[in-house]
Structure formats: structure tokens, C-alpha cells
Amino acid sequence: MVTSIPYDPSLILGQVIELERIEDLKNLANFQKPLDEAHEKLNSVLRTIYKLNMVQLEMENIGVDSKTLNTFKGEIETMENILIEAATYYAATATTVLQNVEDEMNAQDQKTISMSIESPVDYGKSEVTQF
């Protein structure tokens, strides 16, 4: 899963931003990447269980024999155990990652965004024309 750059109010259209700030945001995104990957795995397992439950209902509706259904239910139980492992891993990863992100944010030099209005447009050399 591609990790996006975390939100920062200075990342708006037309705003001049220091390159160091972008690097800081990329570093934060790299710290958050394991959490994003753990969340994606958890969601994937949840989607799979949901789909398997729908298949089970369809199998029951068309009258599949009970032996085959019990085997299929056993596979769903295996997926539920994988879900428990994925959820536990996600929780452990969240605890670690959030502490690392907080530490990284505290270590970064720039704590606030400049309050001055800046624009890449040179208004001294620009003029307004009517159409």
C-alpha cells in the first residue's frame, strides 16, 4: 500500500513551502508505513471472511451436502484465527508507530508553519487585463 504524505496546512495550492518541511513530512510518512501495511492486512482478512460467509450462504441455498459445508466452515474458522492475529498485530504496531511518530515530530526543527502570506506569483510584474 502506498503511504501518502501526512497532512500539513502549508501544503496548499500556491503556498511556498520549504523543502526541508517536505522531507520532514516524508519521514513521518515512512514512520507510518508499517501501521498502514498492518491496517491493509487487517482489512484484507476482514473482506475475505465477509466473502467466504457470502459463499457459505450461497452453498447452503443451493443445497450443498453437510460434509462439504463443515469443511468450508472449518476454513472460515481458520480465517477468523488469522483475523485475530492480524488485529493483535495491528494494535501492537499502532502503539509502536504512534510513539515513534510523536518522537519524530518532537525531533523536527520546524514546529509551526510561517504565518506570513507568500505566493510564487510576482505581483509586481503581473498585471490584470480585461477580456
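This is a predicted model: local features need pLDDT of at least 70, side-chain atom pairs count only at pLDDT 80 or more; totals for chains, interfaces and linings use all residues.
Residues are numbered from 1 along each chain as its sequence is written, and side-chain values use heavy atoms, leaving out hydrogens and water. Local features need pLDDT of at least 70, side-chain atom pairs count only at pLDDT 80 or more, and totals for chains, interfaces and linings use all residues.

View 1. Helices (H or I, at least four residues) and strands (E, at least two) are DSSP runs, numbered from the N terminus. The chain has 131 residues, and 21% of them count as buried. Buried means under 20% relative accessible area, exposed over 50%, and partly exposed in between (1.4 Å probe, protein chains only).

**View 2. Met54 sits in helix α1, residues 19-62.** Is Met54 buried, partly exposed or exposed? Met54 counts as partly exposed because its relative accessibility is 36%.

**View 3. Tyr50, Met54 and Leu57 make a nonpolar surface patch.** Nonpolar side chains (Val, Leu, Ile, Met, Phe, Trp, Tyr) are joined within 5 Å, like charges within 9 Å.

**View 4. Glu104 lies in helix α2, residues 66-107.** Glu104 counts as buried because its relative accessibility is 17%. Which residues does Glu104 touch, not counting those up to four places away in sequence? They are Asn27, Leu28 and Phe31. Contact means heavy atoms within 4.5 Å.

How values were computed: Patches are made of residues with over 30% relative accessible area and no salt bridge: like charges are joined within 9 Å, nonpolar side chains (Val, Leu, Ile, Met, Phe, Trp, Tyr) within 5 Å. Accessible areas come from the Shrake-Rupley method with a 1.4 Å probe; for residues, only the protein chains shown count as cover. A salt bridge is a side-chain nitrogen of Lys or Arg within 4 Å of a carboxyl oxygen of Asp or Glu.
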